Amino acid sequence: MWETIAAPPFLLLVSLAMPLWGALVILLTCRNDAASARLLALFFAVATLVAATGVVVQFPTDQPAAQANYAAAALPWLGEATGLDIRFDVAVDGLSLWLYGLSALLVLTAVLISWTTVREREAGYYGLLLLLAGGMLGVFMARDVILFYIFFEFTLIPLFVLIGIWGSDRRRYAAVKFFLFTLAGSLLTFLGLLLLVLQYDTFSIPELTARAMASPLDPAWQTAIFLLLFAGFAIKVPLFPLHTWLPLAHVEAPAAGSVLLAGVLLKIGTYGFLRFSVPLLPEATATLLPWLLWLSVAGIVYGALVALAQSDLKRLIAYSSVSHLGFCMLGLFALNRLGIQGGVLQSINHGISTGGLFAIVGMIYRRYHTREISELGGLARRTPWLAAFMVFFTLSSIGLPGTNGFAGEFLLLCGMFQRASATTAAAYSTQFYAIAVLAVSGVVLGAWYMLWLVQRVFFGPLREPTHDDQPIRDMGWSEFFSLAPLAVFVLWIGLFPGQFLKPMSATLDRLTGRATAAWEQQAEAAARTDAAELADRGQNSPQRAESPPR
Amino acid sequence: METIPTLLGAAWLLPLVSFTLILLFGPRMGKAGKAASYVAIGAIGGGFVLSLIALFQWRGIDEPYLAGEWYTLAQFDSLKLTIGYYVDTLTVVMFCMVTLIATCIHFYAVGYMHEELHDVTDHEVTLADGSHLTRPGRFHRFFQYLSLFCFSMLGIVISGNIAMTFVFWELVGICSYFLIGFYIERKSASTAANKAFIVNRVGDMGMIIGLMVLFTTLGTFNFGDVDGEPGIFSLVRPEVAHHDDHAGRDAAASPFATVALAPKADAGDQSDHHGDHTAHATRPLVVPQGMFDAAVRDRVAAGEEATAENLEAWQSSKLGYGLLVIAGLGIFCGCVGKSAQFPLHVWLPDAMEGPTPVSALVHSATMVAAGVFLVGRFYPVFTPEVLLAIAVIGCFTLFMAATIAITATDIKRVLAYSTLSQLGYMMFALGVGGWVAGMLHLITHAFFKSLLFMCSGSVIHAVHSNEMTDMGGLLKKMPITAYTMLVGCLAIIGAGIPLVIGLSGYYSKDAILAQAMLFAEQDENGLFRLMFFVAAGGAAITAFYMFRLWFMTFLGEPRDAHRYEHAHESPKVMTYPLLVLSFFAIFVATPLTSLDMTTAPLTAALDEARPADDHQARTAEDAAGATWLSIPYEHDSHTARIHTQAGLIAFGTAMGGLLLACCIYWWRLVNPREVADMFRPIYRFLLGKWWFDELYDRLFVQPTFFFSRIIAGIDKNLIDWLIDNLAAGTRWFCVGFDTWIDRLFVDGLVNWTARKIYAIGLAFRAVQTGNLRQYIVLIVVGTVALFILATFGFAG
């Protein structure tokens, strides 16, 4: 009995079914009953988290062979009807494990911070929130291209409605922009995925990966498909300069929407790169590598500089996301173990700490109905617990040792420097060192805008906007418990990063091995060309001619 | 033997325990959290006892150092992040110094911070309605941060690898941030805290780059050899290594092993290796194999061939040396930030916004000295060029800061600039080859400067003002503070009977000047000679501003009668630590058996810890192969001639400065106002702190803001505008499409279809006759037709 319940595939399906079923129940039964909508949402969020925890803790870290089909559950699904081998096939592996766990965790946070903030049409709100949760969890577990794409789009619609109905003043504009921007990209991505499916004649992602590794496509084809996939994933991440939808969507979204958007939805972009682009199109990855690195580092510096100029709390943190996601991408495209694992770890970290920061901004907004930094000041006095959490997540965000931010940032910077030092071709090595040093400057700017924000909002004499409704209180229980688990993970990852890195290493090695090899070949070829050119020039120059032959 | 790391490890972790306890139960510890101070004192006091035991045990150990690992955080193929230790004499001495001073300051803080036990009215914060801010006290919070700080600081000292150093480096930074910003309601305090952290981050940026160069080329962060794996030090100076097979194994692992040059060279070395060890001949700095390989890779990529003779030629040309220089400069960058050296010195004076015990512990004795400590720890890796950079930066800082201290009137700021200046001396000493001199000054300075800060705190506690213009004549009111501070002043100016005996500062400053003199003599270079004169002149300025401070505070007529009336000697919990520290400020470097300063126990112990023990000048050659820079060997300065000269110069300049201070501020022979008027531009320049704050504001801060606003504008208006217009364009296109194509074509087609269907319907209406028989016929015909169709149409 217990074995059946605790079996990973069963728990995985439960964790997917819980939010979807919960959404259905809430939407159908709680039309005018806010209290039970909330309670039901909490129940289903907790149930999801419990099931997901069961999946995560049973992951066979020490047996790489068992990881490939861990928690796999498959049904024929559309196969019978269409004659195509489209299956409902789910599982988690080392790449998706933590992203999946993070999603389940943040759903609980999202429900808890909505507890006191959402005061209209609760049933619809919580229903959509759970629907969004189901989509997010589904994206990370899907092992079929069509299923992946369905979940990928599925995350879009609930958030679109959440922003459009429960958002703030310019919500319509923000919602439409968010929707169109992401949809435009994802359609191109879908086209790219279909082309891959046609080439390799399978819808199954593991099968696709295996076949692509056995027989890579023609490089020109690869580049074309890479660019198609890039459109959707880069917009999701968002990579500079495709980021403009993000601050707007964040500012207008309700707090829970922002938390899930920053915490999980952006990670679908990095996940997509690692799941599809890098393993399936290794040569294209190698060809475009310098460009991708430059875009990432541009995002780091650009995001940080724009964040420095913001006067709106949420906007500032949104731009800090652009900067941090730049770090994640930099790590991924360093294309070595340190960089990739650091990059994935950093994307988890960003989900935790920026998720926490957005939740805190939501709490401030709930109290004062403003996000203008200049209208606030000295809140540490009024809400000491809130301030303590804010400082804590800020420290994590600026990468203080002992918190998760340091572990990720340090590893991925190590990775980038290692890549730079391992690349000898003159054309690349200078660029890579420049990129690495610029990325380090992002660390300074990051400390600047975050600490300055904390100073202006929380320190100094108390300055509050007039608020006539009710007295301002410190955190309530729901707010406390929405942040406390995140804080625990900040320290846990910070102090024991090894525990989090180990499960992912085998999968990541397998997925990125070919791309690394392709890049190394390319760099070596470039180095040889350099050498040949130099030798050529040397033979023509008079000095060389005079020197005695060896 | 392994007990020493365990003892020190326990001493290191005790404050962490205290931090955790206070964090969890602080407000409930006794009345208003008063017991939190006992917990913190117990932890650091226990740490001191353990360190002392370790010090005594250390005397019986022959090993130059003990290194090992406690815990592995994460491991990748080549990168291992560990919590480990590297214990040598320096570590043990630093442990004793830090824990002793921290214990004194903890006691002192119980008295100094007693206001925080109840509600505090902060007179520096005026609210909108004109009243002063009142807030609950934060007594336990203060001790919580102090404990965390002690843990982090001891972590830097015990650290066994450079990555761990960096971890604790950042942690002391954040402790400093919290402690400077302890009065978070004051805007000046939180601004100073931010400034300190961000300026330090700029230094850390260089440090990260240095770290990464070491890691990518050497593949290790460890200082010493752990489990037979060579650490950074033995890679840079292989002859010192205790494992003979290193060089050979590295070469085997290197990508050019096939050429097999290094083993040959190693075999050559092998014969005279042991001779080296005993005879103390040369132990030159070499380019580690990893850095050499990295540079060779670049050469090969650039088209040269890695033949045996090429490799040999490259090795003798010190290929890869540049990487060593970059690594050294990078690490030094971090030290510049932490030790507040020019050009990153601007944060330290502002950091005086923190409570005075913090200034005494964090911003004079320990944390800011961590930069100097790290330079000392990393000494084997620094090339002569890097050492020269260190010397120049230190020399400039010591002069600049000393001049600013002349005009400052805030008592704590005078001491802050004095700290900058003394840290400059330490860096300068290290840069010119005086490792023991620099480290000795680090220890002696820690004692007398924390003493001076605590005395100033005692005064501030009595008169409730930082401004020396509010003080005067306090000698009668608070004699213990006055006389202990006099001890501190005498120690910092290096007072003593020349060539015979003196206070602690006398020994360390003499050693620095002697080394500087040797350096100036050895290198025939105007700049180097100038640096010596600056350092000697700095001694005069030091004497002047220190006694200006003492005279203005304790002698003369009270300048503010009201404050004078209320002034009183501080309670015993504050004055006893002053007495303890003044004892150490006098005697810490005194030789016990003879007049030779090098026989003092502390000096002798430090000399034992001299890293990499190279008994020869470190030299650098220019492109032509001529020696252009030579950092002298420290023992060469222990000659009677140099010591006599340097000692007399130091004494003379200090007395000159002291005399001048007496003339102006004690005997009142000259009116300071008139002097200031006479040198108006210089006075304003110094009062404006060389205008560094303004300069940086114009040069870095404002341009960054300007640039960031422009980018934000572009982001908001241009990029978004493009995308919105793209959307608008698409929409416009769709609308156009709608009108022209849709209406004419699609709509037309649909309408046409509809009309046709309507017509067909009309036609069929004729069939609907209401006649039942006709319907049945139709149904039967239809069924048969379907049946036929199904049978023949599909089956075929």
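What follows takes a predicted model and checks its labels one by one.

Q: Why are α3(B) and α18(B) called roughly parallel?
A: Helix α3 (residues 89-112) of chain B and helix α18 (residues 435-463) of chain B pack at an angle of about 0°. Angles under 35 degrees count as roughly parallel. So α3(B) is roughly parallel to α18(B). Their axes are 11 Å apart.

Q: Which residues of α3(B) and α18(B) meet?
A: From α3(B) come, among them, B:Leu90, B:Met97, B:Ile101 and B:Tyr108. From α18(B) come residues including B:Trp435, B:Leu442, B:Phe447 and B:Ile460. By class, this contact has 18 nonpolar, five polar and no charged residues.

Q: What makes the span of α17(B) close to the expected one?
A: Helix α17 (residues 411-431) of chain B has 21 residues. The expected span is 1.5 Å times one less than the number of residues. That gives 30 Å for α17(B), and the helix reaches 30 Å from its first C-alpha to its last.

Q: Why is α17(B) said to be largely enclosed by the rest of the structure?
A: Buried means under 20% relative accessible area. In α17(B), 21 of the 21 residues are buried, so the helix is largely enclosed by the rest of the structure.

Q: What is found at the start of α17(B), and what just after it?
A: At the start, a side-chain oxygen of B:Asp410 reaches to within 2.9 Å of the backbone nitrogen of B:Lys412. A polar contact needs N or O atoms within 3.5 Å. Just after the helix, B:Gly433 takes a positive phi of about 100°.

Q: How does the span of α22(A) compare with the expected one?
A: Helix α22 (residues 477-495) of chain A has 19 residues and reaches 27 Å from its first C-alpha to its last. That is close to the 27 Å expected at 1.5 Å a residue. Its buried residues include A:Ser478, A:Leu483, A:Val490 and A:Ile493.

Q: Is A:His243 buried or exposed?
A: A:His243 has 0% relative accessibility. Buried means under 20%, so A:His243 counts as buried. A:His243 is found in the loop between α12 (219-236) and α13 (245-252) of chain A. Leaving aside neighbours within four places in sequence, A:His243 is in contact with A:Pro238, A:Tyr302, A:Tyr319, A:Val322 and B:Asp715.

Q: What is the phi of A:His369?
A: Phi of A:His369 is near 55°, a positive value in a residue other than glycine. A:His369 is found in the loop between α17 (337-368) and α18 (379-382) of chain A.

Q: Why is B:Lys689 called partly exposed?
A: Its relative accessible area is 26%. Buried means under 20% and exposed over 50%, with partly exposed in between. So B:Lys689 is partly exposed. Phi of B:Lys689 is near 55°, a positive value in a residue other than glycine.

Q: How do you know that B:Ser339 is buried?
A: B:Ser339 has 0% relative accessibility, so it counts as buried. Its place is the loop between α12 (321-338) and α13 (347-350) of chain B. Leaving aside neighbours within four places in sequence, its contacts include B:Val368, B:Leu423 and B:Met427.

Q: What makes B:Ser465 buried?
A: Its relative accessible area is 9%, and buried means under 20%. A polar atom of the B:Ser465 side chain lies 3.0 Å from the backbone nitrogen of B:Glu467. B:Ser465 lies in the loop between α18 and α19 (479-493) of chain B.

Q: How far apart are B:Leu398 and B:Tyr425 in sequence and in space?
A: They are 27 residues apart in sequence and 5.9 Å apart in space, C-alpha to C-alpha. B:Leu398 is found in helix α16 (residues 384-407) of chain B. At 0% relative accessibility, B:Leu398 counts as buried.

How values were computed:
Residues are numbered from 1 along each chain as its sequence is written. Chains are lettered from A and ligands numbered from 1 in the order in which they are written. This is a predicted model: local features need pLDDT of at least 70, side-chain atom pairs count only at pLDDT 80 or more; totals for chains, interfaces and linings use all residues. Side-chain values use heavy atoms; hydrogens and water are left out. Axes are lines fitted to C-alpha atoms, for helices over the stretch in contact, and angles run from 0 to 180 degrees between N-to-C directions. Helices (H or I, at least four residues) and strands (E, at least two) are DSSP runs, numbered from the N terminus. Angles under 35 degrees count as roughly parallel, over 145 as roughly antiparallel, 65 to 115 as roughly perpendicular and the rest as oblique. Contact means heavy atoms within 4.5 Å. Ala, Val, Leu, Ile, Met, Phe, Trp, Tyr, Cys and Pro count as nonpolar, Asp, Glu, Lys and Arg as charged, and the others, Gly among them, as polar. Buried means under 20% relative accessible area, exposed over 50%, partly exposed in between (1.4 Å probe, protein chains only). A polar contact is a pair of N or O atoms within 3.5 Å; within protein, one must be able to donate a hydrogen and the other to accept it, and residues adjacent in sequence count only if both atoms are side-chain atoms.
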